[in-house]
Amino acid sequence: MQAGRFISGALLAAGLVMVGCGGPVEEGIEGQDLTSQEEPLPNCNGLNYEYTYYSDATYSTVVGVRGCDCSYWSAWGKITTFREYVSGTCW
């Protein structure tokens, strides 16, 4: 009886090892489309604002900027929780 359970368990384990995890096979990077999937930026004509992001609560080291200058987007660096907001008027 115990030998039968042992053999059944061994066969089950061997079968699982041969099948693997059972998850789908993923393509390599060569087969993937790595182009950007982001939506285009919305039109910001007539808007003038800027978020300046800082590394910490001292607001002494700028680490990133996001905003619009009356129709031109600007974005560089990192976004953090420490930020300042400035807005103005387009002429």
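**Figure 1. Arg66 and its bridge partner.** The bridge partner of Arg66 in strand S3 is Ala75. The model is predicted, so local features need pLDDT of at least 70 and side-chain atom pairs count only at pLDDT 80 or more, whereas totals for chains, interfaces and linings use all residues. Residues are numbered from 1 along each chain as its sequence is written, and side-chain values use heavy atoms, with hydrogens and water left out. Strand S2 (residues 62-69) and S3 pair in the antiparallel sense over five bridges; strands (E, at least two residues) are DSSP runs numbered from the N terminus, and two of them pair if DSSP finds at least two bridges between them.

**Figure 2. The open sheet.** Four strands are arranged in the order S3-S2-S1-S4, with antiparallel pairing. S3 and S4 stand at the edges with a single partner strand each, so one side of each lacks a neighbour in the sheet.

**Figure 3. Tyr49 and Trp73.** The planes of these two rings stand at 85 degrees with the centres 6.5 Å apart, so the pair is edge-to-face (rings of Phe, Tyr and Trp, its six-membered ring, pair if their centres lie within 6.5 Å; planes under 30 degrees apart count as stacked, over 60 as edge-to-face and the rest as tilted). Tyr49 lies in strand S1 (residues 48-54) and Trp73 in strand S3 (residues 73-77), so the pair ties together parts that are 24 residues apart in sequence.

**Figure 4. Tyr49 and Tyr85.** This aromatic pair is stacked, at 6.4 Å centre to centre and 25 degrees between the planes. Ring pairs link Tyr49, Tyr51, Tyr53, Trp73 and Tyr85 into a cluster.
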